[in-house]
Amino acid sequence: MKVAVAGCCHGALEKMYETLELLQRRHNVRLDLLLCCGDFQAVRNEADLRCMAVPAKYRHMESFYRYYSGEKKAPVLTVFIGGNHEASNHLQELPYGGWVAPNIYYLGYAGVVRFRGVRIGGISGIFKSHDYRKGHFEYPPYNQQTIRSAYHVRNIEVFKLKQLKRPIDIFMSHDWPRSIYHYGNKKQLLKMKSFFRQEVESNTLGSPAASELLYHLKPTYWFSAHLHVKFAAFMQHQANSKEELPKATKFLALDKCLPHRDFLQIVDIEHDPTAGDSLEYDAEWIAVLKATNSLVNVTQSSWNMPEKNGLHARWDYSATDDAIKEVLEELNHNLQIPCNFSLTAPCYDPSKPQKHMQPVHTINPQTTEFCAQFGLTDINARIQQAKEEGSVRGDYEEDEEEEMDSTGSAEEPSDYNTDNSGLSVINPDEILLDDEGGDEDLSTCSVDPSPDHPPDFSASFSDIRIMPDSMVVSSDDAMDSTNEELERPGESKQVEEKSLNERPLKRMGGNENGSSGIKIKRRNQAIYAAEDEDKPE
């Protein structure tokens, strides 16, 4: 089947679907599925805009509300994950996934589904070490801190995904797995995005949590977005045992959705021709959710997942054959995800704008039904209960400053050694959340895996490209070092023995001691651009 993959959509659904329709007509192809790798922006109304972590001048309604109201319907089944610029209050209603509009499905904080026999997984948000070990405690209306922490990846989601044993065909993350750039044309990437150099050389660009999942899951395809540059890589995994067959992952990062951008990729995926056209639950994933339900946390308290270290009675929460069989029996072997979308918030009306509409904490009936069916904890109901009992708080200290995006922070001890205090460069591609300045224009970037083996990734607004079956990377021309490898879990967990009460100094630019006095706010300066400008995130 033909799967279209898109990067950061930024709410431009009409533009994206119009492009897909154009591609199908011009090339006489039928697209079966659209995957979006975050920054989807399922904004229903003015209250949702208030829950997006962008300066006010970049809060535009765009076109999702037309699909939410039923005025329009997505012409192709669309599955997406969350990024770091979302209507977080809307997505928070569906922590286990669900329909945000007819034919548009959100995978949740983390999730796995099946379509035509193809197993599709994903994790939403971006990595930030100081929130990684916390629970999902945030709720609307958010403050200046929780509006950002709401989209930060949590260790429980990574732990759940690591319980999976059966093969994954496709996996999506918003930010890149750390170290993946060593498996593609790194020289060309740095030529086009020179401000990545220090992070690449220090191996701090991207998410260590995603890197851990890549090493563990070994999916056939991995798609990401976030950095607004097209980049391909090919990673050959090492077998964990003599019995295990060699596996490889084809990685592709997508550019953002703009008419003159190469923002869509068409991939031909092997599928089960006998399978139906409906989106389906994944029985192993449901079994994992049930097994890990006792680990759900809705507080700010930092905690580690169970490990085989003598401190936990149980550390393996993977699904047994019996547990998977039990899920199948509960569903009468009918895995079809019900089309039970319903409106949970008023829809934007251009003729009656409500600029002062405030967000509210909502419990979505889809989540209620899902949790009741499988005996799971409704995270939002638990938060509501905790609020009533006064045991959860959505506020941080008001004087806390936003740390750099996606590369981790030294705010608290973490599972990962991710301090980037020496960074001295501000990425001119993304927006400053605490300073609305910076309107630099950058050229479009597209990086192939290797100059000697370039896949056809140059699709224009009106053209279509098919990802080749093989993306062989030349180690001589595409990599600076043949000895650099993707971080493995054991290598990344270099935890410094610090007191939880010890709070490191805030990061400053220039050098590690912050002598330059230039505050590093975020890696990117121009996520959203005016329509007459071209600024990647």
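Eleven cavities of 30 Å³ or more are present in the structure, a cavity being a set of points, on a 1 Å grid over the protein atoms alone, where a 1.4 Å probe fits but cannot get out. Grid points are joined across faces, edges and corners, and a volume is the space filled by probe spheres set on the points. The model is predicted: local features need pLDDT of at least 70, side-chain atom pairs count only at pLDDT 80 or more, and totals for chains, interfaces and linings use all residues. Residues are numbered from 1 along each chain as its sequence is written, and side-chain values use heavy atoms, with hydrogens and water left out.

The largest cavity holds about 210 Å³ of space. Its lining comprises 20 residues, where a lining residue has an atom within 4 Å of a point; Tyr106, Tyr109, Ser124, Ala150 and Tyr151 lie nearest the centre. By class, the lining has eight nonpolar, eight polar and four charged residues (Ala, Val, Leu, Ile, Met, Phe, Trp, Tyr, Cys and Pro count as nonpolar, Asp, Glu, Lys and Arg as charged, and the others, Gly among them, as polar). Helix α4 (residues 88-92) contributes the largest share, three residues. Helices (H or I, at least four residues) and strands (E, at least two) are DSSP runs, numbered from the N terminus.

An open sheet of six strands has the order β4-β5-β3-β2-β1-β12 with mixed pairing; two strands pair if DSSP finds at least two bridges between them. At the edges, β4 (98-101) and β12 (264-268) each pair on one side only. The twist from one strand to the next averages 30 degrees. Three bridges join β4 to β5 (residues 104-106) in the antiparallel sense, and alanine 101 is opposite isoleucine 104 of β5. Helix α1 (residues 13-27) lies across β1, β2, β3, β5 and β12, at about 140 degrees to β2.

Helices α11 (residues 283-291) and α12 (residues 321-330) pack at about 105 degrees, with axes 8 Å apart; axes are lines fitted to C-alpha atoms, for helices over the stretch in contact, and angles run from 0 to 180 degrees between N-to-C directions. Helix α11 is therefore roughly perpendicular to α12 (65 to 115 degrees). The contact (heavy atoms within 4.5 Å) includes Ile286 and Lys290 of α11 and Ile324 and Leu328 of α12. Seven nonpolar, no polar and four charged residues make up this contact.

The peptide bond from proline 140 to proline 141 is cis, with omega near 0 degrees.

Definitions and conventions. Parallel < 35°, antiparallel > 145°, perpendicular 65-115°, else oblique. 1 Å grid on protein atoms, 1.4 Å probe; cavity = no way out; pocket = protein on both sides within 12 Å on 5 of 7 lines; lining within 4 Å.
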